[in-house]
Amino acid sequence: MNLNTELRVGIDLGGTKIEGVVIGAQGRIVAQQRIATPAGDYAATVDAVAALALRLEAAAGGAALPIGVGTPGAMSAASGRMKNCNSTCLNGQPLLADLEARLGPRVRIANDADCMTLSEASDGAAAGAEVVFGAILGTGVGGGIVVRGQLLRGANAIAGEWGHNPLPWPQPGELPGLACYCGRSGCIETWVSGPGLAADHARVNGVALRGEDIAAAAAAGDAAAEATLQRYVQRLARGLAHIINVLDPQVIVLGGGLSRLRRLYREVPEAWKPWIFSDEVRTRLLPAQYGDASGVRGAAWLWPGAA
Ligand SMILES: [Zn+2]
C-alpha cells in the first residue's frame with residue numbers, strides 16, 4: 001500500500017472514550033475527533049476504531065494514512081492476541097488483525113503507556129533524552145521505555161510494566177499490601193494509582209475521599225490529607241528508585257490524573273535519593289508536556305515517517 005508519509009493517524013483506545021488525531025509535520029494537529037467507547041463490546045469497538053480512522057482520513061484530505069493505535073494492554077508477540085487490558089473485552093482478541101482486515105496493512109498498535117512515553121520522548125518533555133521512562137499514574141499504573149527515540153517493546157511485550165512489581169523497601173504497615181487484580185498483593189499499582197491513594201487515605205483515616213479531593217484537602221491545610229500525600233510521595237519515590245537503579249534514565253515523565261500533582265516534581269526527587277545507588281542523581285522527573293493528549297500523539301508517532 002502506498003501511504004502518505006507526511007501525515008499519520010493516532011488513536012487512543014480508552015475504557016470510556018476513543019480519541020483520534022491526524023498529525024502532520026512538526027507534530028501539528030491536522031484533524032481531531034473523540035467518540036465514546038462501546039462499553040464491553042469487542043466487535044463494536046473494532047468497528048468504532050476503524051470508522052474513526054476513516055473519518056479522520058477524510059477530514060485530512062482523503063488519502064490512506066499510516067495508523068497507530070494506543071491500547072490499554074499489550075499484544076502477545078506469540079499469538080497476536082491482546083493481554084493485560086483493563087478493558088477486559090479486548091483480552092484474547094486479535095485486535096491488530098481485525099483492524100487490518102478493515103483498514104489494510106497500515107496499522108500499528110502499542111500499549112497506552114508506551115505511546116505516552118514515545119510522545120514525550122519524540123517532541124515533548126523528554127525530547128532529546130537518550131533513555132526515557134514514562135509512567136502513567138491513573139486508574140491503573142503503566143510504564144514504558146524509549147531508548148534513543150525507539151520504543152522498547154521487549155521479548156514479552158511488557159517492557160516498562162512496573163506497576164505489578166511489589167512496592168520496594170516496604171515500611172511498617174505496608175506488608176502484605178492490598179490484593180491486586182493481577183492475582184498478587186502489594187503491587188506498586190495498589191499504592192500509587194488513584195484508587196490506591198484513595199484506599200490508603202481510607203485505611204488510615206476511615207474517610208473515603210477521591211484522589212483529587214485528598215489533594216484539595218491537603219492544599220487547604222488538612223493534616224490527615226497532607227500526611228496521605230507525604231506517604232504517597234515516599235512510595236512513588238521508592239518505586240521510581242528501582243527504575244533508576246536498573247534503567248538509569250535521563251528523564252522520567254509522568255502522565256495520568258495524579259501527574260497533575262505539582263508537588264511530585266519537587267518532592268519525589270528529594271525522597272528517592274536515599275534509595276538510589278549513586279551519590280549524585282541527575283535523573284529529572286517531569287510532567288507530560290502534552291498531558292492527556294500524549295497517548296494519542298504517541299500512537300501517531302508509532303510511525304516515525306518523514307516528520
Ligand atoms: Zn498487580
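The donor residues of the zinc ion follow the spacing H-x15-C-x1-C-x4-C in sequence. This is a predicted model, in which local features need pLDDT of at least 70 and side-chain atom pairs count only at pLDDT 80 or more, while totals for chains, interfaces and linings use all residues. Residues are numbered from 1 along each chain as its sequence is written, and side-chain values use heavy atoms, with hydrogens and water left out.

The protein donors themselves are H164 (ND1), C180 (SG), C182 (SG) and C187 (SG), sitting 2.1 to 2.3 Å from the zinc ion. Donors here are N, O and S atoms within 2.8 Å of the metal (3.2 Å for Na, K and Ca); water is not among the atoms, so sites may look incomplete. Angles among the four donor atoms run from 103 to 119°, making the site tetrahedral (for four donors, all angles between 85 and 135 degrees). C182 is partly exposed, at 26% relative accessible area; the cut-offs are under 20% for buried, over 50% for exposed and in between for partly exposed (1.4 Å probe, protein chains only).

Turning to the sheet, five strands form an open arrangement in the order 3-2-1-4-7, with mixed pairing. Strands (E, at least two residues) and helices (H or I, at least four) are DSSP runs, numbered from the N terminus, and two strands pair if DSSP finds at least two bridges between them. Strand 3 (29–36) and strand 7 (107–111) are at the edges with a single partner strand each, so one side of each has no neighbour in the sheet. Strand 1 (residues 8–13) runs parallel to strand 4, the two pairing over four bridges, and D12 has G70 in strand 4 as its bridge partner. Helix 2 (residues 95–103) packs on this sheet and touches strand 1, strand 4 and strand 7.

Strand 4 (residues 67–71) also holds T71, which is buried with a relative accessible area of 1%. Beyond its neighbours within four places in sequence, T71 is in contact (heavy atoms within 4.5 Å) with L13, M82, L95, I109, A110, N111 and D112.

Then there is helix 6 (residues 211–219), where G211, I214, A215, A217 and A218 are buried. Down the axis of helix 6, the buried residues fall within an arc of 165°, so they line one face of the helix; the arc is that of the directions from the helix axis to the C-beta atoms. Their cover includes helix 5 (194–205), helix 7 (223–247) and helix 8 (263–271). Just past helix 6, G221 adopts a positive phi of about 100°.

Notes. Tetrahedral: all angles 85-135°; square planar, octahedral: opposite > 155°, others 65-115°. Axes fitted to C-alpha atoms, helices over the stretch in contact; angles between N-to-C directions.
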